[in-house]
Amino acid sequence: MSALTFTLKQPTAQRVDMSPLVCQKLQGLDVDAIAAIQLQNGKSRPRVDELFYITGKNTQEIIIAGSTNKLDFIGKELDGGSISVQGNAGAYLGMQMKSGTINVSADAGLYAACEMKNGLIQIDGNAGDFLGGALPGNKQGMKGGTVLVKGNVGQRAGDHMRRGQILIEGNAGDYCGSRMVAGTIAVMGNTGRYLGYAMRRGTLLLWNQPQLSATFNDCGSHTLAFLPMLFASFRSLNSRFADSSAAFNRVRRYGGDMAETGRGEVLVRI
Amino acid sequence: MIINGVTIDKTFAEAFPMKGTRAIITAQNEKWAMISAQAMTGFATSVIACGCEAGIERVLSPDETPDGRPGVSIMIFAMGAKGLAKQLETRAGQCVLTSPTSALFAGIEGGKPIPLGKNLRYFGDGFQVAKKIGGKRYWRVPVMDGEFLTEATTGMVEAVGGGNFLVLAESQPQALAACEAAIEEMKKIPNVIMPFPGGVVRSGSKVGSKYPALGASTNDAFCPTLKGMTKTDLSPEIESVMEIVIDGLSKEDIDKAMRVGIQAVCDLGAANGIKRISAGNYGGKLGPFHFHLQEIMA
C-alpha cells in the first residue's frame, strides 16, 4: 500500500494546524473521510482536500509534500507510524510525540520536539528556537526519544529538557541546554553564549570548546566508559553521529550550573 | 549400562526450582574482570549456608561485552526472588563496585527485572548520573578511580538447581582427575555453573542428621571409610567419591552439562580407576526435576 500523501496545493497565507493529520487519528479512515477533516487555517476551517491533493492509502506512512513553514503541529502527539515532511515544517513539529518517526527534509520552526516523549525526529535542515523545550509556563520539556538535526539549531535548545537526546550536527544558539533537568544534548559544531544556563543535571556533549559561564567549574580530563556505549547507540542513525570516527571517550568535564544545583556536566572532546 | 568399563547406575539426580540471574563484569583487562568475578562469586557454593549459589560462566571477549572491554559472565542462583536480589546487590556492591576499573551489566534480557546498580547508585551521594542508552538505564557513579558504570537492572528467570552426579573411583587422585576432566568439558556449556570449589564437592550431604540442629549431614552411604560401619552404597574397591553439582537456567542446560561431564569421566574409564557414576537423590522428596543418568547417557 502506498504512503498517504498530502501535497500542498499552494502556499497558505495563514498558518495551518496539522495536528489532526497524524497516523493514529487517520487509522481506519478512508480517503473521503480524511478529505473531509477540517483544519484550522488562520480564522477559517477548510477541508483537507481544499488545501492538499491526497494520494495513497497507508495511514501509517504519511508524506507531506511541498510543505512550508506555515504548517504547524505536524506529528503532534504522534503515536506510531511515520511522517515524512518534504520541505519545511512550521512550529511545534512532533510536539508531545509518543512514538514513531518524523523526517523533515528541510528546516523546522520554533518548538520542534517540544515536550516529546519518545520516538525519533530527524530534521535535515535547521531547527528554530526551543528545540525539545517546554511550552511556555510548563516545567518539563522533552522527556524521551531522539532528535537529530543535521543543520543548526536556534536558541534555548533543550530548555527544561527532562530525558532523551538531542543530536546536533551543526551549531547551537545561545542558552543551549538552559534549565535542563536531565538528558543529553550533543553538538558537533559550535555553541553560543550562556551554555547550560541554570541547568540542574544532564549532559552537554561538545566537539568544540565552548565559552563557559563562571558558574561552570573545571573537573579535569577523563576517560568515560559510558561514551563508547552512547556512540554505539547512534550507529543506526543516518547521521555523522553514527560514524565510528566521530566517537571519543576522552573529555574535559565541567560541572554546573553552580548557580543551580550544579549536578549537570559539559563534556568537551579532547 | 556400562561405558568404557564404568557402570552408570540406574538412578537419578534430583534437582529443585531456583531463581537465577546473570551479570557481566568488565574491566580494563581480563585479569581485573576475573578478580572481580571471583570475588563476587566467592562463598557461594550452597544455598544451605551461603544464601546463594554462584559461579563464573565464562570469559567474554571484548566484542561480546556491552562496553567493548574484556569481561566475565557470572551467574547467581537462589531459592527465592528476594534472596537472589539481596545477594546480587550486596555482592555487586562489595565485589564489583569496589574492584578497580570494573563495570557491571545485565546478562539476561527479559525475565523479571531485579536491581543491579539501581540502588548502588546511592553510593554516589547525589553526584551519580543516570543515562538511558539504547532503551536501557545506566548509572554512572563517581568513584576514586574514575566512574563506576552499571546497568540499573538485570533479568531474573526461573532456573534449576542441584543437578549432580557422583564419581566413584578406586583412589582419591583418580576421582579428582576424573572430576577435573569433567569440569573442563562442562565449562564449555552455556547457561550452567558448577558452584563448588573448582566445581567439585567432596562432602556430599544427605538430608537430616542425628543432631537436631543440622538439616544436612555427611552422606555416609558414600563415605568410603564407613563401608563397614553403615549401610553403605559402595563396593569394596571404591576408595573415593566426588560429586559435581550443576545449577542451570533450564533442565535442558543441566542435561547437556551432565552428559558432557559424565562422558569425560567415562572417557578415562575403568583403566584409570573410575568404577561407577551415581547421583544424589532423596527418593523424589526434594525436587521435581529428575535427571536419570542412563537416559542422559543413552
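Helices (H or I, at least four residues) and strands (E, at least two) are DSSP runs, numbered from the N terminus. By that count, chain B has six helices and 18 strands. The model is a predicted one, so local features need pLDDT of at least 70 and side-chain atom pairs count only at pLDDT 80 or more, while totals for chains, interfaces and linings use all residues. Residues are numbered from 1 along each chain as its sequence is written, and chains are lettered from A and ligands numbered from 1 in the order in which they are written.

The overall form of chain B was examined next. The radius of gyration is taken over C-alpha atoms, and the globule rule is 2.2 Å times the number of residues to the power 0.38. For 298 residues, a compact globule would have a radius near 19 Å; chain B has 21 Å, which agrees. Along the principal axes, the C-alpha atoms of chain B fill a box of roughly 65 × 40 × 30 Å. A residue is buried if 20 or more other C-beta atoms lie within 10 Å of its own, exposed if 12 or fewer, and partly exposed in between, with C-beta atoms placed from the backbone. Of the 298 residues of chain B, 46% count as buried. Two residues are in contact if their C-beta atoms, placed from the backbone, lie within 7 Å. Among contacts in chain B between residues at least 6 apart in sequence, 74% join residues at least 24 apart.

Axes are lines fitted to C-alpha atoms, for helices over the stretch in contact, and angles run from 0 to 180 degrees between N-to-C directions. Helix α4 (residues 172-186) of chain B and helix α5 (residues 251-268) of chain B have axes that come within 8 Å and cross at roughly 140 degrees. Therefore α4(B) and α5(B) are oblique to each other (angles under 35 degrees count as roughly parallel, over 145 as roughly antiparallel, 65 to 115 as roughly perpendicular and the rest as oblique). The crossing of α4(B) past α5(B) is right-handed (left-handed if the near helix is turned anticlockwise from the far one by less than a right angle, right-handed if clockwise). Residues in this contact include B:Ala177, B:Ala181 and B:Met186 of α4(B), and B:Val260, B:Gly261 and B:Leu268 of α5(B). By class, the contact of α4(B) with α5(B) has ten nonpolar, one polar and two charged residues (Ala, Val, Leu, Ile, Met, Phe, Trp, Tyr, Cys and Pro count as nonpolar, Asp, Glu, Lys and Arg as charged, and the others, Gly among them, as polar).

In the other pair, helix α1 (residues 30-40) of chain B packs with helix α3 (residues 81-96) of chain B at about 140 degrees, with the axes 9 Å apart. That makes α1(B) oblique to α3(B). This crossing is right-handed. B:Ser36, B:Ala39 and B:Met40 of α1(B) meet B:Arg91, B:Ala92, B:Cys95 and B:Val96 of α3(B).

Between the chains, the contact takes eleven residues from chain A and 15 residues from chain B. Helix α4 (residues 226-233) of chain A gives the most to the chain A side, with five residues.

Backbone geometry in chain A was also checked. Phi of A:Phe73 is near 60 degrees, a positive value in a residue other than glycine. A:Phe73 counts as buried, with 25 C-beta neighbours inside 10 Å.
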